[in-house]
Every structure is written in structure tokens, then in C-alpha cells.
Amino acid sequence: MRLEEELVSIIRLELKTIIGECLEEFLQDNEDFLEDQLRGIDPLELLTIADTCSLLKVSKMTLYQHIRSGKLKKIRIGYNSRSPVRFRRMDLEKFINQHVEKK
């Protein structure tokens, strides 16, 4: 009986360690998403071209240049080239964070 208790204790300790590591990795991978949720911002929110230009404080021409260069991801709502374009807020925040000047 004593051996079984020791094995159970060892297994519990190992499981706590594994779960802790998994949780820490999950939190690191989803840090931006979780911060947005705490701030009440939906990171999956889709923004129009006008909303995106306003948020980034750029013209449509500049926005299209960033799209063409591959720096900014767009989502086309539909299947043809005339379908509306949207931007996920989380993609915009990543774009902004990548272009912050480091001193």
C-alpha cells in the first residue's frame, strides 16, 4: 500500500509540472489576445478600410501599399475581386507593434 501511495504522489507531482508548463506556454502564445479581452477589445473584430485608415492615421493609398507589400493582411468577404475587404483588429495591432521604433 505504501508503494502505491508513493507512486500516486509522484504522478501527481509530474502532472502538476506538465500542466503548469502547458498553461505557461498557452499564456505566452495568447498574451496579446488575452490582454485585448481584458481591455474589452475583440481581437477578431473586422474593420473596414475607412476604419483601418482612421485607426492607423494613414491614407487609403498608404494602406494599399502596406497590403501589396505583404506587411498587412486583409480578408476579402466574398470570392471576386470586387468583394469588400476587411482587417482583423489583432492583425492591425501586430502590424503596429512590428513598426514601433526602438530606441
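Does Lys-57 count as buried or exposed, and at what relative accessibility? In this predicted model, Lys-57 counts as exposed because its relative accessibility is 71%, where exposed denotes over 50% relative accessible area, buried under 20%, and partly exposed the range in between, with a 1.4 Å probe and protein chains only. Residues are numbered from 1 along each chain as its sequence is written, and since the model is predicted, local features need pLDDT of at least 70 and side-chain atom pairs count only at pLDDT 80 or more, whereas totals for chains, interfaces and linings use all residues. Side-chain values use heavy atoms, with hydrogens and water left out.

Lys-57 lies in the loop between α3 (49–56) and α4 (60–68), helices being DSSP runs of H or I with at least four residues and strands runs of E with at least two, numbered from the N terminus. Although Lys-57 is not a glycine, its phi is positive, at about 60 degrees.

Within α4, the residues Leu-63, His-66 and Ile-67 are buried. Viewed down the axis of α4, its buried residues fall within an arc of 100 degrees, so they line one face of the helix; the arc is that of the directions from the helix axis to the C-beta atoms. These buried residues pack against α3, β3 and α5 (89–98), contact meaning heavy atoms within 4.5 Å. On the other side of α4, Met-61 and Arg-68 are exposed.

Leu-46 has Arg-88 in β3 as its bridge partner. Strand β2 (residues 75–76) also pairs with β3 in the antiparallel sense, over two bridges, and here Arg-76 stands opposite Val-85.

Helix α1 (residues 2–29) contains Ile-19, which counts as exposed because its relative accessibility is 56%. Together with Leu-3, Leu-7, Ile-10, Ile-11 and Leu-15, Ile-19 forms a nonpolar surface patch with about 610 Å² of accessible area. Such patches are made of residues with over 30% relative accessible area and no salt bridge, like charges being joined within 9 Å and nonpolar side chains (Val, Leu, Ile, Met, Phe, Trp, Tyr) within 5 Å. Accessible areas come from the Shrake-Rupley method with a 1.4 Å probe, and for residues only the protein chains shown count as cover, while a salt bridge is a side-chain nitrogen of Lys or Arg within 4 Å of a carboxyl oxygen of Asp or Glu.

Key
Two strands pair if DSSP finds at least two bridges between them.
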